[in-house]
Amino acid sequence: MKKTVLITNFNIKEKADAAFLVADRLAPFCSEIRISSNFKDKIFRSHKHRREFTYKNADELYEGADLLVVLGGDGSMLEAARRAAPRDIPILGINLGRVGYMTELELDELDLIEKVFNGEYTIDERAMLRVEVISREGSVKSESYALNEAVVANGTTARIIDLKLSDNGVHVSDFRADGLVVATPTGSTAYSLSAGGPIIDPKLSCFCVTPICPHSLLARPLVFPDTAHLEIQNTCVREKVLHLTLDGRVTYDLYYGDMAVVTRSKLTTKLIRVKERSFYSKIRTKKFL
C-alpha cells in the first residue's frame, strides 16, 4: 500500500472537487493520502475528510512518500518537481490547467489511475538544470535547480541588457537582448518556445539557449550538449541588477560581473506515463504543431 501525496489548491472549489474524486480512486490502493495541513480545517468543514487522509506541514509532506499526484497545470507540475526530484518521488499529473503539457491524465480519464498501482506504467525521466550564481570575486552565492529553464532578464523593466555567454570558459557570444533562456528539452515547449526557440524531443541530451527579443539580425537559438558548462555573465553597466529566474518560481539577483553557471543536474524528474502515445502526438494535441 502506497503513501501518496495529493497536491492541489483546495481553496478553489473546482480543484477541491476534482481532488476528492481522485482520492476516491486512490483510497483502495493507499494506506495514506497526504494533504498539506494548510487545508485541514477547510476539508473538515466541508465534511470531505476520509480515514486515509493525513495532514502534514511542508517539511513532512514529501518525506517517505511513494507517489505524488498533482492536480493542476504545468506551473503546479514545476513546483511539484522541485519538491519531488530531491526525494526521487515519481509524479502523476492530472490536468486542470490550460495546457497541461507535462500532465498525463485529463479529469475524464481517472479510471486509468488504477494502472499505476497494477504496475502498468512507465517512467519518463526528465533532465534538470543545476544553476549556481557566482559572484565577480568567484564565490558561490546560491545554488538551485530547475526542470524547465533558467532565465536571465531585467525583471519588470523592459530594457535591453548586455550578457556574455561562455561554455567552460570559452567565449561563445555577447548578446544585447531582453534576456536569455537556457532550457532543457522539457522546457523547450515553454518560455523558450515563446522566444522563438525550437521544440526538442526530451530523449535528446542537450540544452537550448534562446535570446529574448535580441537587438540583432544574427542572434539565433543555440543548442549545446548537456555536458556543457554554460556561463552567463552580467556585463550590463547601465542596470544596477539583473534577475535570474528558475522555472518562473525562484528568483536570484545577478549584479554586474556575477555569473549564472548552468550545468546538468544529477537530479531528474520522474513523470508517470500510463497512456501509449508519442511525444509528437502529445505536442500536436496541445497545439504546438
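Modeller: The second largest pocket holds about 270 Å³ of space; a pocket is an open set of points on a 1 Å grid over the protein atoms alone, where a 1.4 Å probe fits, with protein on both sides within 12 Å along at least five of seven lines. The model is a predicted one, with pLDDT of at least 70 required for local features and 80 or more for side-chain atom pairs, while totals for chains, interfaces and linings use all residues. Residues are numbered from 1 along each chain, and side-chain values use heavy atoms, without hydrogens or water.

Of the 16 residues that line the second largest pocket, D74, V99, G100, T189 and A190 lie closest to its centre. The elements that contribute two or more residues to this lining are α3 and α5, the latter spanning residues 191–194. Of these, α5 gives the most, with 3 residues.

About 400 Å³ of space lies within the largest pocket. It is lined by 23 residues, and those closest to its centre are I7, T8, S36, F39 and Y62. Two or more residues of this lining come from each of β1 (2–7), β2 (30–36) and α3 (74–84). The largest share, 5 residues, belongs to α3. The lining of the largest pocket comprises 10 nonpolar, 8 polar and 5 charged residues.

A single residue may complete the picture. R273 belongs to strand β17, which covers residues 259–273. With a relative accessible area of 12%, R273 is buried (under 20%). R273 and I123 stand 150 residues apart in sequence, yet their C-alpha atoms are 6.1 Å apart in space. Leaving aside residues up to four places away in sequence, R273 touches M102, T103, E104, Y121, T122, D124, R126 and K282, with heavy atoms within 4.5 Å counted as contact. With one of these neighbours, E104, R273 makes a polar contact from side chain to side chain, at 3.1 Å; such a contact pairs N or O atoms within 3.5 Å, one able to donate a hydrogen and the other to accept it.

Methods:
On a 1 Å grid over the protein atoms alone, a cavity is a set of points where a 1.4 Å probe fits but cannot get out, and a pocket is an open set with protein on both sides within 12 Å along at least five of seven lines; lining residues have an atom within 4 Å of a point. Grid points are joined across faces, edges and corners, and a volume is the space filled by probe spheres set on the points. Helices (H or I, at least four residues) and strands (E, at least two) are DSSP runs, numbered from the N terminus. Ala, Val, Leu, Ile, Met, Phe, Trp, Tyr, Cys and Pro count as nonpolar, Asp, Glu, Lys and Arg as charged, and the others, Gly among them, as polar. Buried means under 20% relative accessible area, exposed over 50%, partly exposed in between (1.4 Å probe, protein chains only).
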